[in-house]
Amino acid sequence: MSVTDLDTARLAKANGPVPVLLTVEEAARCLRIGRTTCYALIRTGDLESLTIGGLRRVPADAPAAYLARRRTEQRAA
């Protein structure tokens, strides 16, 4: 089970169905980083996000995908 699975499961218990999209703040909590750092990852394209209307949202699987890429990069180094 990934970090995102754990946090989305916690959100589901609190709010009902498992979210498909996370706010930037929720994604930051999943990654255990600050909101500003999360926005920086989005700006550089390291963390996938999309804009819906005027709202920035992060797909629920994007934090886990980011971590998987980082782990692969660190193992290769």
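Which residue in E3 is the bridge partner of Thr51? I looked this up first.

**Entry 1: the strand pair.** I am working from a predicted model. In E3, I find Arg56 as the bridge partner of Thr51. I then looked at how E2 and strand E3 (residues 55–59) are joined: they run antiparallel, with three bridges between them.

**Entry 2: the sheet.** I traced the strand order next. The sheet is open and has three strands, in the order E1-E3-E2, with antiparallel pairing. I note strand E1 (21–23) and strand E2 (50–52) at the edges; each has a single partner strand, so one side of each is left without a neighbour in the sheet. On average, and with direction ignored, neighbouring strands of this sheet are turned by 50 degrees against each other.

**Entry 3: a helix on the sheet.** I checked what packs on the sheet and noted H2, which touches E1 and E3. The direction of H2 makes about 90 degrees with that of E1.

**Entry 4: two helices.** Two packed helices are described by the angle between their axes and the distance between the axes. I looked up both values for helix H2 (residues 24–31) and helix H4 (residues 62–76): the angle is about 40 degrees, and the axes are 9 Å apart. An angle of about 40 degrees makes H2 oblique to H4. I recorded the crossing of H2 past H4 as right-handed.

**Entry 5: the contact.** Which residues of H2 and H4 meet? From H2 I list Ala27, Cys30 and Leu31, and from H4 Pro63, Tyr66 and Leu67. I sorted the residues of this contact of H2 with H4: six are nonpolar, with no polar and no charged ones.

Technical notes
Residues numbered from 1 in each chain as written. Predicted model: local features only at pLDDT ≥ 70, side-chain atom pairs only at ≥ 80, totals over all residues. Heavy atoms only, no water. Axes fitted to C-alpha atoms, helices over the stretch in contact; angles between N-to-C directions. Helix = DSSP H or I, 4+ residues; strand = E, 2+ residues; numbered from the N terminus. Parallel < 35°, antiparallel > 145°, perpendicular 65-115°, else oblique. Left-handed = near helix turned anticlockwise from the far one by under 90°. Contact = heavy atoms within 4.5 Å. Nonpolar A, V, L, I, M, F, W, Y, C, P; charged D, E, K, R; others polar. Pairing = 2+ DSSP bridges.
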